[in-house]
Amino acid sequence: MTTLLDVQGLRVSFGPRPAVNGVSFAIASGETVALVGESGSGKTTTGYALMRLLGDNALVQGTAVFEGRDLFTLPEAEMRSLRGRRMSIVFQEPATALNPVMRVGDQIAEVARVHGESEKAAREMAVAMLERTGIADPARRARAYPHELSGGMRQRVMIAMALLLKPALVIADEPTSALDVTVQAQILALLGELKRESNTAILFITHDLGVVAQTCSRAMVMRAGEIVESADVETLFSAPSHEYTRELLAAVPRLSP
Amino acid sequence: MTRLRPFLLARAGHALTVLVVIVTLVFVLFRLTPGDPFLARSQEHATEEEHAAFRARWGYDRPIAVQYVKWVGNFVSGDFGWSHSAQRPVREVLATAFVNSTLLMIPAFVLGWLGAVALGTWQAFRQGRWLARASETVAIGVLSIPDFVMALAALWVFAFRLRLAPSGGMVDVALHDSLTLAGRTADVVAHLALPALTLAVVVMFAVSRYHRAAVLGVLHEDYVRTARASGAAESDVVRRHVLPNALGPAIAVAGILLPGMFAGGVFVEKVFAWPGMGRTLVDAVLGRDFELVQAIVVVSTVAIALGSALADIVAVTFNPRVQLDT
Amino acid sequence: MIAGQAERARRTLGGPAVYAALAVIALFVLVALLAPVIAPHDPFAQPDAATQANLAPSGAHLLGTDRYSRDVLSRLVFGARVSLGIAALAVGIAMTLGTAVGALAGYAGGWTDRLVTRTVDAILSVPRVLVLIFIVAAFPHLSVFGLAIMLGLTGWPAMAKVVRAQVRETAAMDYVLAARALGVRPLGILTRHVLPAAVPQILVAATLAVATVIPLEAGLSFLGLGVRQPTPSWGNMMLDGADFGAHTWWLLVFPGMAIVITVLSINVIGERLREMVDPRVRASR
């Protein structure tokens with residue numbers, strides 16, 4: 001397996017105290033890696049920083065070599081050509097992450113259009129992708145507005161957008177936190193299928209250890225802007241080496257005594 | 001879109017109610033003043049026949065309910081009365097004035113509104129940078145200048161001192177009739193330029209405040225970030241995601257502002273001697289031409305009620321979510 | 001200790017612009033109040049219409065004379081009295097009426113509220129200028145006092161809207177419900193709990209109302225429909241100056257600047273007040 005993304009010494013600050021303080025990790029192509037932590041640990045900021053989606057008020061330092069190039073030194077135009085095509089992001093809150101006055105099919109098609117496809121081809125790809133994400137009657141649904149869809153369907157739309165162009169890396173930022181438990185399981189299964197098809201690596205940002213256990217092969221625990229432990233999932237759950245990881249595991253309620 | 005029709009009907013009903021209320025209020029206000037308005041307000045040398053015709057037309061010797069019916073009926077059927085100062089039917093005076101006002105207001109408004117959208121969007125995107133902040137200060141400054149002062153200043157600088165524009169009126173009285181069609185059009189346009197630009201500047205700064213606030217509200221929405229994450233260029237993001245969601249207030253303001261300009265443009269019309277509705281109204285008041293005043297007030301308020309209803313409908317077509325809020 | 005208070009004052013006032021604006025308004029109000037003492041001449045006196053008319057500013061007449069040989073500076077000073085006085089009275093009326101109606105509608109709710117809101121919206125959709133011109137047409141011998149009252153009567157709907165929104169919000173709060181449960185009469189609740197919460201918004205609205213009324217009165221006077229001659233108002237003083245051919249720039253510039261500076265200062269203060277009062281803006285600091 002080749003190294004897809006190599007992050008060294010990532011620091012992000014919005015003011016005097018850094019939100020992300022010297023984080024280093026690597027992701028191999030096709031891997032599913034979890035970035036675990038409580039809210040405020042800096043995990044979402046790490047994800048946004050990689051996509052260079054943080055605002056002007058963020059100071060980003062370090063290197064992130066993706067497919068051989070340092071993301072932080074790329075000119076904006078080249079970064080734009082990577083976004084959505086080679087790396088993409090699935091946002092946490094599908095209700096607000098979709099444009100309310102634009103049909104969902106058009107929003108999905110926009111990803112293709114922006115990267116060079118014709119209007120017609122883009123729309124066809126969008127409908128095909130909707131079908132692939134398990135939405136029935138995709139042609140009709142494509143003409144719907146976000147508020148006409150359920151939470152689970154909206155998240156499928158977001159996934160369709162993120163995986164439309166078969167990127168090498170998908171950053172999934174708490175993709176199931178806003179959903180019911182039953183829908184969660186479906187969405188996770190969907191993500192698993194799609195990534196296997198196109199050998200996409202996933203950086204799974206979450207605070208839910210149950211999700212980590214289900215889907216990831218490796219996990220990194222983050223706390224106060226730093227990675228405190230990084231191991232494969234079995235080791236992490238059975239023999240955690242850092243105290244914080246032990247606390248996190250202990251906080252998960254167990255059904256059996 | 002099946003939910004659109006009941007919404008439209010409700011909106012139309014609402015507009016109609018507002019219309020009836022306003023028109024009735026106008027009628028009541030007019031009748032509040034004691035005595036015969038014709039005698040008190042018209043010029044002294046009105047003839048007895050004119051007076052009698054006036055009383056008959058508006059039913060002054062009949063009970064108030066009959067007067068109201070007659071009043072509404074007259075306006076609905078297009079009989080707006082007789083203009084004493086112009087010695088022509090009010091309807092004719094109004095028609096000319098209305099056309100003249102339209103000639104001035106429409107270009108002024110379109111220019112101003114487009115400018116406002118551009119300015120407001122730019123200010124929102126560049127918020128915090130010094131140039132944007134400076135432009136916001138300029139905006140407050142410009143908006144603190146009353147219309148007539150702005151008009152006087154513009155006239156003095158551009159027409160009187162720099163001689164770049166004619167000094168008022170709609171046409172060059174001496175030359176106009178002897179010109180060809182093209183010449184006459186050019187003449188009107190030349191006279192139109194300065195007052196229209198003055199109005200456009202005022203509109204631009206007034207509307208841009210609303211639009212800027214709206215864009216600022218939209219800029220931080222999640223779906224803008226989603227668009228950027230898909231690799232869209234900024235111009236795409238603005239065109240397809242920001243503007244459609246942010247234009248709501250600007251459109252609503254347009255619906256109220258545009259008809260309002262027809263009578264509210266009074267000051268500019270007076271300073272530039274432009275023979276539109278505003279100036280006609282003022283002259284009618286000064287000349288005690290009661291029927292003309294009455295007609296202008298009614299027509300203007302009707303136009304405004306219709307305008308805001310229209311703006312609502314446009315807003316709904318733009319933004320399908322608005323229906324649900326009603 | 002003093003440094004701390006000065007720091008707080010500076011943060012509250014928000015910059016030199018607001019200081020300047022407050023100073024300007026204070027100055028103008030002072031001038032208006034002391035007009036009879038300050039004015040060098042009688043604003044109505046026409047000493048010599050033949051030779052002293054339309055004189056440019058000079059030592060004898062610091063701001064020149066108008067076509068009736070009246071001293072412009074004196075008229076400007078008394079005009080301040082007229083224009084600012086009208087604004088104060090008009091906004092006072094609008095505030096009182098508007099608060100009363102808005103509080104009633106906001107607190108009562110139900111069909112009273114709906115009725116009031118519909119009426120207010122209907123009135124608000126008509127441009128105020130139009131209504132005022134029409135009132136002047138109906139009452140041609142309106143005095144300055146009457147003009148102020150009419151300005152106030154056309155201004156209350158905007159204020160009512162603001163007050164109603166605020167009252168509705170406050171009336172839903174728990175401490176108001178508690179007061180009602182304890183048996184406090186509605187009037188008591190209104191005066192002691194609900195209205196005080198609305199005061200900041202009312203102040204902002206009142207300030208902006210003044211910034212609206214002054215140009216309105218000036219404009220009407222300029223048209224010959226507001227304050228009538230010989231009473232001076234900044235607006236009607238500019239009427240004579242509008243004849244550019246006479247080259248009497250002082251008749252235009254001084255009253256014009258007076259109006260613009262006043263309105264600008266009030267807008268600056270009003271904007272600052274609005275910032276201070278808006279909870280969203282405060283949170284983002």
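This is a predicted model: local features need pLDDT of at least 70, side-chain atom pairs count only at pLDDT 80 or more; totals for chains, interfaces and linings use all residues.
**View 1. How the chains meet.**
Welcome to the overall arrangement. Two pairs of chains touch, and the pair with the most contacts is chains B and C. Chain A and chain C do not touch, and their nearest C-alpha atoms lie 14 Å apart. A search of the whole structure turns up 26 salt bridges over all chains, and several of the views below zoom in on examples.

**View 2. The meeting place of chain B and chain A.**
Let us look at what each partner brings. Chain B gives 21 residues to this contact, and chain A gives 27 residues. Together the two chains bury about 2,100 Å², with 58% of that area on carbon and sulfur atoms. Between chain B and chain A there are 11 residue pairs in polar contact, counting pairs with both residues at pLDDT 80 or more. On the chain B side, the elements that give two or more residues are α9 (222–229) and α10 (234–264). The largest share comes from α9(B), with 6 residues. Sorted by class, the side of chain B that touches chain A has 8 nonpolar, 6 polar and 7 charged residues.

**View 3. A salt bridge between chain B and chain A.**
How many salt bridges are there between chain B and chain A? The count is 1. To find this salt bridge in the structure, look for the side chains of Arg240(B) and Glu110(A), which meet at 3.4 Å, taken from N to O.

**View 4. A salt bridge between chain C and chain B.**
Here the side chains of Glu271(C) and Arg209(B) form a salt bridge, with N and O 2.9 Å apart. Glu271(C) sits in helix α11 of chain C, while Arg209(B) sits in helix α8 (residues 181–219) of chain B, so this pair joins two chains. Are the two partners buried or partly exposed? Glu271(C) counts as buried because its relative accessibility is 19%, and buried means under 20%. Arg209(B), at 34% relative accessibility, counts as partly exposed.

**View 5. A salt bridge within chain A.**
Now turn to chain A, where the side chains of Glu76(A) and Arg52(A) meet in a salt bridge of 3.3 Å, N to O. This pair links distant parts of the chain, as the two residues are 24 residues apart. Glu76(A) belongs to helix α2 (residues 76–82), whereas Arg52(A) belongs to the loop between α1 (43–51) and β4 (59–66). Glu76(A) is partly exposed, with a relative accessible area of 37%. Arg52(A) is partly exposed too, with a relative accessible area of 23%.

**View 6. A salt bridge within chain B.**
In this view, the side chains of Arg88(B) and Glu92(B) meet in a salt bridge, 3.5 Å from N to O. Arg88(B) has a relative accessibility of 32%, so Arg88(B) counts as partly exposed. Glu92(B) also counts as partly exposed, at 40% relative accessibility.

**View 7. Chain C as a whole.**
Before the last close-up, here is the setting. What secondary structure does chain C have? Chain C has 12 helices and 0 strands. Its C-alpha atoms fill a box of roughly 75 × 55 × 30 Å, taken along the principal axes. Chain C has 285 residues, and 47% of them count as buried. The accessible surface of chain C is about 13,700 Å², and 68% of that surface belongs to carbon and sulfur atoms. Among contacts in chain C with a separation of 6 or more, 70% are between residues 24 or more positions apart.

Where in chain C is Thr248(C)? You will find Thr248(C) in the loop between α10 (234–241) and α11 (249–277) of chain C. Thr248(C) is buried, because its relative accessible area is 5%, and buried means under 20%. Setting aside its neighbours within four places in sequence, Thr248(C) is in contact with Asn54(C), Gly241(C) and Asp243(C).

Conventions
Residues are numbered from 1 along each chain as its sequence is written. Chains are lettered from A and ligands numbered from 1 in the order in which they are written. Side-chain values use heavy atoms; hydrogens and water are left out. Contact means heavy atoms within 4.5 Å. Buried area is the accessible area (1.4 Å probe) that two parts lose on being put together, summed over both. A salt bridge is a side-chain nitrogen of Lys or Arg within 4 Å of a carboxyl oxygen of Asp or Glu. A polar contact is a pair of N or O atoms within 3.5 Å; within protein, one must be able to donate a hydrogen and the other to accept it, and residues adjacent in sequence count only if both atoms are side-chain atoms. Helices (H or I, at least four residues) and strands (E, at least two) are DSSP runs, numbered from the N terminus. Ala, Val, Leu, Ile, Met, Phe, Trp, Tyr, Cys and Pro count as nonpolar, Asp, Glu, Lys and Arg as charged, and the others, Gly among them, as polar. Buried means under 20% relative accessible area, exposed over 50%, partly exposed in between (1.4 Å probe, protein chains only). Accessible areas come from the Shrake-Rupley method with a 1.4 Å probe; for residues, only the protein chains shown count as cover.
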